[in-house]
Amino acid sequence: MRACWFPIVAFVLSGVGCREGAGAAVDPPAPSVFARTAAVMQLFESRCLQCHDSRKSRGGFDLSTRAKLLHGGESGPAVVPGSAPKSLLMRLVRHQQEPAMPRQGQKLTDEQIALVAAWIDAGVPYDRSLGKGNDNVAWWSLQPVKKPIPPSVDAKYPEWSRNPIDAFVLAKLQAAKLTPTPGAEPRTLLRRVYFDLIGLPPTPEEMDAFVAAWDSAGAKRQAVYEHVVERLLSSPHYGERWARHWMDVVHFAETHGHDQDVPREHAWPYRDYLIQSFNADKPYARFIQEQIAADVLFPDDAPATTALGFLAAGPWDESSLKDIREDSLDRKAGQYIDRDDMVGTVSLAFLSTTVQCARCHDHKFDPISQKEYYGMQAVFAGVDRANRAYDPDPGVRAQRLALQKRKQELQGGAPVAARLLKDAGVAARVSAWEQGLAKNAGWKVLDPVAFASAEGATLKKLEDGSVLSGGTKPERDTYTIEAVSSDTITALRLETLTDDSLPHRGPGRQDNGNLHLTEIKIAAAPAGAPMKRQPVAVARALADFNQDGWDIAKALDGQRGTAWGIYPAVGKPHAAVFVFKEPVSFPGGTRLTVTLEQLHGGGHLIGRARLSATSAAVTSADITLQPLPPHVQAILTKTARERTEAERATLAHYALTQIVDAELAALPKPRLVYAAATDFQADGSFRPAKGCRAVHVLKRGDVRFPLAPAAPGALGAVSGMDGALRIADPSKEGQRRAALARWVSDPKNALTWRSIVNRVWHYHFGRGLVATPNDFGRLGATPSHPELLDWLTATFQEDGGSLKNLHRRIVTSAAYMQDSRHRDAAARIDADNVLLWRMNVQRLDAESVRDAVLQIAGKLDLTMGGPSVKHFQQSPGIHRTPKVDYQAFDPDAPGGQRRSVYRFIFRTVPDPFMDALDCPDASQFTATRTVSVTALQALALLNDPFMVRMSEHFAKRLAGAGDVKQQVRQAYRLALNREPAEREATLLEKYATRHGMANACRVLLNSNEFAFIP
């Protein structure tokens, strides 16, 4: 009888969720010869090769190959295969004889010595040559992919001849004198492939239909199963399942990490890109190229811009990259570290290669130089991580590009406008614009003749008539601005404008870009007699935006504790209009004195202000109209005939600029994605590079000691590939990324294509053909089935990089369809099941547990895409990192029952429930998830508010099934996809009667059978 998953559950209800004959638990087996050999190889490389490889061989002793080890050195043979006690090497490492080994560092531990002894007793097997010298050029992962011919299949195993995968697996098994395990029973098989391909269990109806078809199909059972596989691969939930795997690989999360773990509200479009790409079966080469350089390689595919979230998926150190001086050494060091993460994301995810190990010196074990590492850093010398705008609608994208091109053209000034005016259509548009001026309020910018800060801030007049505040930033301040107008004034307009010198570009000076205008006071006097000024009464005030609770009326209420604010709409200009009760006018002109009191405190000051006036009646629509600059006003006072050619060109230039800006503003707002970006809104000193920053090779990785400049490049050790990237103009950063994208996705790049095939295999079998999916180098594992890996890789390329075809081959193989039962005899030969004599039992990952519970409870919300759901209540923190309370979140809240892939992922404050179930640290690259079984998991599955509430929903769903006996039967069908055995049913019925059905459901969801997939 299978024991329940956790001891606490076994104590509550012994036997529930257990299946007769499923195999008793056994003690962990001793390490297999494969695992032992790999461990000894790594030990030799880390502790011995620095003195005893093909380059140094001190004492004449070289252990880089088995033959050289057996030859020995100046002291004679080092080992006697099969006899550790007779081996000189053992006496040296035990410090029983001089020279005691290793000479450098500490003595080997007792466990390490025992490992080497067992390895010698096993015959001194090597799984590869060791060392870094010339052998590197022959390292398996760097060699071209060659498609081998599948071995012939023993006629005793006809079901293993359908799929070439099985021919390779069976050949390895027979060579080790092992036999495969018979196929799994249909319920196990269906549950396995459902969780593998879509991350959800089958419904009872789906299970019943499959079993019935299977039982009646006879010799055509394979076709019945393959029909299910096709349906699952076509399901939209397939993309959700496999996007989550990729998010592990690239360490995706939605906060910055580090000490200022600020949420990234626009990171989620990258997650949606992944789901859509997997569902569309996007060719893998295109998938690679989009994530590195979509904006350059596919400029017409605007939605593909979201793929650049790949390069920005990892942590970002706001303290180093935004909050310190741009020219500081720490800022430069932060930029190198940030690029290191981008290099790591590319090299680990796509190449399964630890390029970052060459950051301080040439790679100790793999043929990667420090020059090559910094060459890859140079590829990303012009990009940062920021919110990047994109248009999901291609038509809107085309319009925006055309208008932006025209706007850029107009930066040439009046001469460009003069040329454009020769076009009758352009001239007509300029004329129509001028005629339309009579229909608006006619705002005219007031030229400040005097301005001052009461608390010592530096006020500077700019060319556009605005006043910029800088220098000292007092807690509170009052600005006084004086200006003269010759017109009658019916209303005053106050613009708060953005500027790159302000936090978040302003328009306020507060750290978050906000401002608080406590009170505005307006006085007027004759221009020639300023001392006769009198207060101007304001009838009403209007604003284009009001912060919640801080509306524009607060700037006129006479209260020191209230004010007008504009948060969270920072980083953009705003305007407020004050309509006078009576028009103001004096012969000879009017001198206005405007006092802006900003008394809230905390530096909530206006960063840049501009005043305009009008003599027309004002409506709410006039708030957003741009005031006319003085030189344009002067031209408009003349008739068309009176204007010079230069004036006509100047007016046309201004008009065309306004027309383009208006048309751009009329387009739907672009969406934002947190991604690699070269053009983004500056935030204080964090601003676009506007080119490629200088990257140098650093002596020992120290930014204080730059050596030669680094040229953008890739790796030179991949056979058949040139590490020098072909870049027409290296000064254009986009060409650098495009060149790297082409290099990575090149069909000759064996690292790339073997890597993804191995990853997919790993997720299906729980272990890759290479057990270290992120490391195909010398410190990683070697392939257990090298011919199979290359056959799959070559076939994957022939299929055009179709991941769905790869899945199809794997899950329809006899190797995958095997039962997972344990066999002692086979385990004695291959305890780790490296040769796949059975299927591996796998525990559900955290997302599958949560999603399955939601489905079983009848509460799963299958809404796809869109912003992530925060399964916590968020409130402001002491500094930048907000407070996050998962316990306060209601599982029944809107969005709380969507699939786990849509969960907002917080780096430094993980969800305790998901964390307990081994959901990985999103700050780390996760090639393989930890799988643990702990008491904490049992407590989480029993007591977490999510589990308690879903168990209540589960019980409510069962209430319609009939009496307790029928409810228990349906509970098993929903949770475990089978009927309960008589003893199981009796036990659970008694428990449900005594403690309630909701508690019985909690117990059932804690069973081994629910949490593990055999």
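Of the 1014 residues of this protein, 55% count as buried. This is a predicted model, so please keep that in mind throughout. The secondary structure comes to 33 helices and 22 strands. Along the principal axes, the C-alpha atoms fill a box of roughly 115 × 80 × 55 Å. If you take contacts between residues at least 6 apart in sequence, 72% of them join residues at least 24 apart.

Helix 14 covers residues 329–351, which is 23 residues. From first C-alpha to last it reaches 32 Å, close to the 33 Å expected at 1.5 Å a residue. Is helix 14 enclosed or exposed? Of its 23 residues, 18 are buried, so helix 14 is largely enclosed by the rest of the structure. After the helix comes Ser-352, with a positive phi near 50°.

Next, a helix pair. Two packed helices are described by the angle between their axes and the distance between the axes. For helix 22, residues 750–765, and helix 23, residues 786–798, the axes come within 9 Å and cross at roughly 110°. Angles of 65 to 115 degrees count as roughly perpendicular, and helix 22 and helix 23 are therefore roughly perpendicular to each other. On the helix 22 side the contact is made by Trp-753, Arg-754, Ile-756, Val-757, Asn-758 and Trp-761. Helix 23 contributes Leu-788, Leu-789, Asp-790, Leu-792, Thr-793, Phe-796 and Gln-797. By class, that contact divides into 8 nonpolar, 3 polar and 2 charged residues.

The second pair is helix 28, residues 935–943, with helix 29, residues 945–958. They pack at an angle of about 45°, and their axes are 5 Å apart. Helix 28 and helix 29 are therefore oblique to each other. Ala-940, Leu-941, Leu-942 and Asn-943 of helix 28 meet Pro-945, Met-947 and Val-948 of helix 29. This contact has 6 nonpolar residues, 1 polar and no charged ones.

Staying with helix 29, its 14 residues reach 20 Å from first C-alpha to last, close to the expected 20 Å. At its start, a side-chain oxygen of Asp-944 reaches to within 2.9 Å of the backbone nitrogen of Phe-946. Which residues of helix 29 are buried? They are Phe-946, Met-947, Met-950, Ser-951, His-953, Phe-954, Ala-955 and Leu-958. What covers them includes helix 26 (846–856), helix 27 (912–916), helix 28, helix 30 (964–976) and helix 32 (997–1004).

Technical notes: Residues are numbered from 1 along each chain as its sequence is written. This is a predicted model: local features need pLDDT of at least 70, side-chain atom pairs count only at pLDDT 80 or more; totals for chains, interfaces and linings use all residues. Side-chain values use heavy atoms; hydrogens and water are left out. Axes are lines fitted to C-alpha atoms, for helices over the stretch in contact, and angles run from 0 to 180 degrees between N-to-C directions. Helices (H or I, at least four residues) and strands (E, at least two) are DSSP runs, numbered from the N terminus. Angles under 35 degrees count as roughly parallel, over 145 as roughly antiparallel, 65 to 115 as roughly perpendicular and the rest as oblique. Contact means heavy atoms within 4.5 Å. Ala, Val, Leu, Ile, Met, Phe, Trp, Tyr, Cys and Pro count as nonpolar, Asp, Glu, Lys and Arg as charged, and the others, Gly among them, as polar. The expected span of a helix is 1.5 Å times one less than its number of residues. Buried means under 20% relative accessible area, exposed over 50%, partly exposed in between (1.4 Å probe, protein chains only). A polar contact is a pair of N or O atoms within 3.5 Å; within protein, one must be able to donate a hydrogen and the other to accept it, and residues adjacent in sequence count only if both atoms are side-chain atoms.
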